Amino acid sequence: MDKTLFAAVQLMLVFALLIDWIFLARPGRRAWVLMLIGLALLSLWAQLESHGKIITRLFELEQPTELIVFGLAGILIREFFLSRVRHMRLENQVADMVRSLAIRDVRIVPTGSEKDPDKQQ
Amino acid sequence: MDLKVPRLAILLPTYNEGSRLYSFLESLGNFLSSLEAGQDLRVFAKYLVIVDDGSAVPVEIRPLTTKLVAFRSVHLLSHAINLGQGAALQTALEYAKTSLDCDYFFTIDADGQHDPADMTAMLQTMMSRKVDIVFGNRFNREVYGSIPYFRRLLLKGAIFFELFLTGLKLSDSHNGYRMFGRKCANLILLRQTRMAHATELKQIVSRNKLTYAESPVHIRYSRELMEKGQTNLNAMTILKDLFRIYIFQNG
């Protein structure tokens with residue numbers, strides 16, 4: 001495979017991973033639009049020879065160690081963000097349960113002003 | 001159920017406020033009782049919805065009932081555990097909408113930093129400008145100088161960040177003093193359980209293209225309040241929460 005093309009595909013995968021975090025956190029139009037624009041820009045960039053060389057140099061992951069480190073770092077970062085999302089969801093589930101209990105058990109204190117305010121005036 | 005009198009609920013989340021809450025309730029009751037005939041706020045059927053967000057010493061309002069006669073009734077809901085101001089506000093709102101069928105809603109902080117008298121101006125702003133929500137704005141000439149310098153800087157930073165997040169051009173940030181109508185209330189579903197709910201609310205306003213305005217309010221910055229939780233460190237936590245919103249809820 002052409003090195004420039006290979007580098008471009010790698011970059012796209014990285015970008016897709018980023019979008020995955022956002023997408024899992026909350027799917028939305030903005031994430032999709034960003035992904036499409038990002039992919040288009042990356043493809044365009046990879047087409048330009050000078051930039052293509054830079055990409056090739058940066059993401060030429062020929063050594064297996066580099067590949068493993070790169071992959072592990074990606075997984076760790078992704079897990080960190082996902083754990084935050086899970087935490088937020090759990091927090092909301094607890095809040096919903098506590099809320100429904102609170103609404104079921106309300107203490108109503110009459111204050112003696114149940115008259116129509118129009119008549120009070 | 002009467003149909004002609006509009007219903008107004010004051011939503012009051014509280015957590016470990018102790019005597020500050022009772023002082024505030026007293027001043028709120030005194031203010032509403034002192035309203036004269038013809039004042040806009042007087043015509044509403046008023047309800048007070050207090051949400052005790054898991055305070056160590058549970059809130060007890062019975063001794064204050066004589067001070068709260070301006071309300072038709074006072075409703076006390078208790079969270080079994082502390083969830084945060086955003087969650088408590090959501091509880092109060094859900095209850096006021098579904099059980100009390102209110103048309104208008106005020107949100108006020110229970111620690112006494114807000115002046116109940118500002119409700120009149122907020123209501124006038126809402127009625128005259130016919131907007132869906134009115135945000136309190138502490139950055140008016142009268143009180144600007146009383147805001148601690150570092151707090152002022154942090155708030156300005158938060159305003160800028162919120163402008164970036166929501167696109168709403170507001171002069172104040174994280175001010176819990178607000179008023180909104182039923183249309184806005186029906187759209188509010190706060191998922192940020194803690195302080196960042198204030199930004200989330202603005203995102204809801206922005207996303208649903210609701211109309212909004214600002215009304216000047218007075219904030220009391222006492223040493224006691226600053227020590228209690230209005231510290232600059234607390235403000236930094238809000239900024240952290242805002243960043244969290246940006247990462248997770250901007251999709």
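Biologist: What is the order of the strands in the open sheet?

Modeller: This is a predicted model. Its open sheet has 8 strands in the order 1(A)-3(B)-2(B)-1(B)-4(B)-6(B)-5(B)-7(B), and the pairing is mixed.

Biologist: Which strands are at the edges?

Modeller: Strand 1 (107–110) of chain A and strand 7 (212–216) of chain B, each of which pairs on one side only. On average, neighbouring strands of this sheet are turned by 20° against each other, direction ignored.

Biologist: In which sense do strand 5 and strand 6 of chain B pair?

Modeller: They pair in the antiparallel sense, over 3 bridges. B:Val134 stands opposite B:Met179 of strand 6 of chain B.

Biologist: Now the helices. Which strands does helix 3 of chain B lie across?

Modeller: Helix 3 (residues 118–129) of chain B lies across strand 4, strand 5, strand 6 and strand 7 of chain B, and runs at about 150° to strand 7 of chain B.

Biologist: And helix 1 of chain B: which of its residues are buried?

Modeller: B:Leu21, B:Phe24, B:Leu25, B:Leu28, B:Gly29 and B:Leu32. They cover an arc of only 135° around the axis, so they lie on the same side of helix 1 of chain B. Their cover includes strand 1 (7–14) and strand 2 (45–52) of chain B.

Biologist: Which residues touch the most other members of the largest nonpolar core?

Modeller: B:Leu11, B:Val49, B:Ala96 and B:Phe105, in a core of 64 residues. Helix 2 (residues 85–98) of chain B gives the most to this core, with 7 residues.

Key
Residues numbered from 1 in each chain as written. Chains lettered and ligands numbered in written order. Predicted model: local features only at pLDDT ≥ 70, side-chain atom pairs only at ≥ 80, totals over all residues. Core = buried A, V, L, I, M, F, W, Y, C linked by C-beta atoms within 7 Å. Buried ≥ 20, exposed ≤ 12 C-beta atoms within 10 Å, placed from the backbone. Helix = DSSP H or I, 4+ residues; strand = E, 2+ residues; numbered from the N terminus. Arc of directions from axis to C-beta. Contact = placed C-beta atoms within 7 Å. Pairing = 2+ DSSP bridges. Axes fitted to C-alpha atoms, helices over the stretch in contact; angles between N-to-C directions.
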